[in-house]
Amino acid sequence: MASIYLVDDDSLVTESLGAALRLETPYAVRTFQSGADALAALSAAPPDVVISDFKMPGMDGLALLKAVRKAVPEAVLMLLTGYSDKDSAILAVNEVGIFAYVEKPWDLQDLLLKIKGGIERQELTRQLRDANRDLERQNRELRLAHDRLVTSERMAAVGRVASGIAHEIGNQLALVGYAEAIKAKARAGGNGEIAEFADVIVTAQKRLADMVGEIKDFARGQGGEAVEVRLEPADVTAVVDEALAILRYDREVGARELVRDVRRRPLARLHRGKFAQLVINLVRNAAQASPAKAKIEVILDEDERGVIFVVADHGSGMTPEVLARLGEPFFTTRGERGTGLGLGICRRIVDEHGGQLAVESAPGQGTRVTVTLPGLRS
Ligand SMILES: Nc1ncnc2c1ncn2[C@@H]1O[C@H](COP(=O)(O)OP(=O)(O)OP(=O)(O)O)[C@@H](O)[C@H]1O
Ligand SMILES: [Mg+2]
């Protein structure tokens, strides 16, 4: 229910007008003898309408209404004035945003109409404000959606550019054959030094070729061109073991303790090369986050959810901030040494296998990546 404050130092006014308002309106009416008293009540019970006498000892009506406007911006303000104060009252209408002024002696019907009008306008203002808030919220959501779209568009563009560059570099890398030929020739001719130089080139180019492959993989996912991945029934353990065999040559992985724990020997429909890539990326991440000699567990299992493949480490773990950005292309905390594509590629490989990838991590405790794939039980 709306409430009215009636403020006048003349108790005759507060009593008679107060009684009339209580009788004629459905509103809760409170009367005050001074501006200070009215202000003191404001915060506990903010009024919808304040009707104040203009001339009062101490704080006058205008000062009071100004203070009310500050504390209760939506309040409907009315000034009661004697005839002689009319001009200053009109000024106040603009200055404080007073809704109406009422001349003494008041016409009760006129006053009631003004109060009703004020409350209606207040109600409208509130509805307008709510509608405005809704609009702003929708606007924000729209902007967010737009930003997301722009980001994915941009990623698609990056993907196209990257794949173009990767393609060019890939063509040049075919020249690795020359370096290999030089190496072979130099070795045959007994020129060890040149063979060694050539070998450096061969190694570097092979590393470049790997990177180009990664970028092409990434670009394929961003460019929108869906590629059909051929999945074939496979012994998951065998594929994991192939990947682990390759990883033994990895310096960082080699310096950690790799523990392989095959609890069941599941079958699944796999793309062997891609699944091996997944294993390699995850184990390398684990090794890069772990101190030397730390244990890295690779677990294979199968239960009602399907095939379960886990890589768990006891390394640095990830902060919630890093965890939230995982899989974002080019996001890396390893500076120059990381491209920040590894996990994104893993996610896509798992997607292509119809599986799920979950990461649990706690700073200082380690990380556990769990890949679940549909099983292939006979
Ligand atoms: N096992 C892990 N423990 C701690 N942090 C990890 C782990 N795996 C990934 N991260 C964090 O996630 C980031 C992104 O990993 P991601 O594999 O995508 O890229 P990267 O390893 O930095 O580079 P690369 O493309 O060479 O793999 C890493 O930089 C690292 O901060
Ligand atoms: Mg990585």
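In the predicted model, strands β9 (residues 295–303) and β10 (residues 306–313) run antiparallel and are joined by eight bridges. Within this pairing, valine 298 has valine 311 of β10 as its bridge partner. Both strands belong to an open sheet of five strands, in which the order is β7-β9-β10-β12-β11 and the pairing is mixed. The edge positions are taken by β7 (257–262) and β11 (356–362); each has a single partner strand, so one side of each lacks a neighbour in the sheet. From one strand to the next, the twist averages 15 degrees.

Helix α10 (residues 272–289) lies across β9, β10 and β12 (366–373) of this sheet, and its direction makes an angle of about 20 degrees with β10. In total, 23 residues surround ligand 1, and the closest are Asn285, Ala289, Thr332, Gly338 and Gly342. Classified by residue type, the shell around ligand 1 comprises 13 polar, eight nonpolar and two charged residues.

Helix α2 (residues 35–42) packs with helix α3 (residues 61–71) at an angle of about 5 degrees, and their axes are 10 Å apart. The two helices are therefore roughly parallel to each other. On the α2 side, the contact is formed by Gly35, Ala38, Leu39 and Leu42, while α3 provides Ala63, Leu64, Ala67, Val68 and Ala71. By class, the contact of α2 with α3 contains eight nonpolar residues and one polar residue, with no charged residues.At the level of the whole chain, the assignment gives three divisions: domain 1 (3–106), domain 2 (151–220) and domain 3 (232–373). The centres of domain 2 and domain 3, taken over C-alpha atoms, are separated by 25 Å. Contact between these two domains involves four residues of domain 2 and five residues of domain 3. Helix α7 (residues 192–222) supplies three residues, the largest share of the side of domain 2 that touches domain 3. The residues on that side of domain 2 divide into two nonpolar and two charged, with no polar residues.

Definitions and conventions
Residues numbered from 1 in each chain as written. Chains lettered and ligands numbered in written order. Predicted model: local features only at pLDDT ≥ 70, side-chain atom pairs only at ≥ 80, totals over all residues. Axes fitted to C-alpha atoms, helices over the stretch in contact; angles between N-to-C directions. Helix = DSSP H or I, 4+ residues; strand = E, 2+ residues; numbered from the N terminus. Parallel < 35°, antiparallel > 145°, perpendicular 65-115°, else oblique. Contact = placed C-beta atoms within 7 Å. Nonpolar A, V, L, I, M, F, W, Y, C, P; charged D, E, K, R; others polar. Pairing = 2+ DSSP bridges. Near = placed C-beta within 6 Å. Domains from an automatic or database assignment.
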